Amino acid sequence: MKTIAILFLSSLGIIGNCADIFVDNVKGSAKGNGKDQPFININQAVTIAKPGDRVVIANTGKPYTHSISVRHKNGLPGNPIIFEGNGALITGLKAIAADKWEAKGNNVFFFKHPYHGALNPYLVHDGKPVPVVKKLKDLTPGKHIWRHEGVYVIPPQGQTMKTWKLSGTLLASGFAVHNSNYITCRNLRSHYFSNDGFNIHGNCRGLYFENIESASNGDDGFSIHEDVGAVVQGGHFHHNNYGIQDVNASRSVFTGVLVENNRIDGAHFAGGYHSLVDSIVRNNRRVQVKVSVGMVKHLGFAKNNPMAESVVFLKNLYIKGGEAGLRVMRDTKVSMSHCIISGSEMGINVAKNATCHLTASVIADSSKHAVFCVSGGNLTMWHDVIGSGQITIDGKNYNASDWSQLEASSPGFKGNILKKPVFDQNGFVLKNPAPLATVYRKRVISIGPDKAGIEILKTMFK
């Protein structure tokens, strides 16, 4: 039996000769072997990697100026292909030489670099994005517009294209995976790509990401599509269009991530099922967490396939700022528990035919609506604290004086507290109402993140 077991494990690739493949963009060579002579390009290592191998990327302090493309590469369960980033940075930002700019008259210069689809390329000067205009006729000194054929720019007053040194987000995506399974990526940073920092497409499962960072990309920090399943433990997604955007029939699990300062939304889930726990989502311009239906027809799924609906689980989150904390759109389902939403114009917005269950959570300091549930929306609130902001449910406004009537007449509302909470100096640990708990059927229900959850958030709240 022992011999049979060993043969079986060997056939799965769980027992075998696994290797470290080394990449170094300073000491490496295009003619390297990945062993005593490192490769200079990470994709050289991708080409030879097999299940159980570890691609070791040296952090030389010098960015790797190329994308990583993992296509049709498979590890095995318990024996993935591992990318160990060691904190190294991959970047899509490249300097544009002055002689590459074509004069178009009226001090307008053009650089031919076409783009299509979801790409959102832009220019950078001295580490900062160059301001953008929406139409070519609106172009003024110091601004640019990137059209499908390329980018147009007018240098600032007193500058020429030789003195005003520009770089562009000339590569599409950073760590890109397509139709590959059982891939692990750790400790890698991805900046300044015109599309996504981490971009995964096709039919993928067994993808695991740990301690990654994705910033200043044209579209998403992290995005999975189609029929992809991924786990992310530890991540920082900032200054992208969307911090996280998972769509179609994708499945994702995020723990311990910080999603902040993105140009549109923090986390957007559109189809599939997703979990976001022990995390902070803050100061993204529009919505912090948005849930909408996904497009699955192109995957061969029926239109009413459950994977199109979006089911999202949220727990122990600190959500702050923006136009809305949580937006639950039509035909989607969200369960949120032990979370805090603070300082958003609208705390929670529930659309028609959407389902949102809010449990032991807090909505505080909303400048407009704390809760806004339209007619036909399905909202359940158990043992929550609601601070400032209007409460509108099915077209009717509620306040503290008539909230008890709502709870008495509706089984979907029980044990809630309508009182403005006070936070500690960090802005998220609740001080009152005291005690922050309600009793339901002789059981004490604590409100807000538990002690372990608070300690997790403290490590991220900087």
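Predicted model: local features only at pLDDT ≥ 70, side-chain atom pairs only at ≥ 80, totals over all residues.
Rolling a probe the size of a water molecule over the atoms shows where empty space is left. The largest pocket holds about 510 Å³ of space. Its lining is made up of 21 residues, and those nearest the centre are Asn120, Pro121, Tyr122, Val132 and Arg263. Strand β10, residues 143–147, gives the largest share of this lining, with 3 residues. By class, the lining of the largest pocket has 11 nonpolar, 7 polar and 3 charged residues.

Three strands, β3 (68–71), β13 (175–178) and β15 (198–201), each contribute at least two residues to the lining of the second largest pocket. Here the lining divides into 6 nonpolar, 10 polar and 5 charged residues.

Is alanine 58 buried or partly exposed? Alanine 58 has a relative accessibility of 22%, and therefore counts as partly exposed, since the buried class is limited to values under 20%. Beyond residues up to four places away in sequence, alanine 58 touches Val23, Asp24, Tyr64 and Ala88. Phenylalanine 22 is 36 residues from alanine 58 along the chain, and the C-alpha atoms of the two are 7.5 Å apart.

Serine 344 is another loop residue, placed between β27 (340–342) and β28 (346–350). Its relative accessible area is 0%, so serine 344 is buried. Which residues does serine 344 contact, leaving aside neighbours within four places in sequence? They are Lys320, Gly321, Gly322, Ala324, Gly325, Asp365, Ser366 and Ser367.

Two of these contacts, Ala324 and Gly325, fall in strand β25, which covers residues 324–328. Strand β25 pairs with β23 in the parallel sense over 4 bridges, and within this pairing valine 289 has leucine 326 of β25 as its bridge partner. Strand β23 is also joined to β21 (residues 267–270), again running parallel, by 4 bridges. In that pairing, alanine 270 is bridged to serine 292 of β23. Strand β23, residues 287–292, is mostly covered, with 6 of its 6 residues buried. In a regular strand the side chains alternate between the two faces of the sheet.

Conventions
Residues numbered from 1 in each chain as written. Heavy atoms only, no water. 1 Å grid on protein atoms, 1.4 Å probe; cavity = no way out; pocket = protein on both sides within 12 Å on 5 of 7 lines; lining within 4 Å. Points joined across faces, edges and corners; volume = space filled by probe spheres on them. Nonpolar A, V, L, I, M, F, W, Y, C, P; charged D, E, K, R; others polar. Buried < 20%, exposed > 50% of the residue type's maximum accessible area, 1.4 Å probe, protein only. Contact = heavy atoms within 4.5 Å. Pairing = 2+ DSSP bridges.
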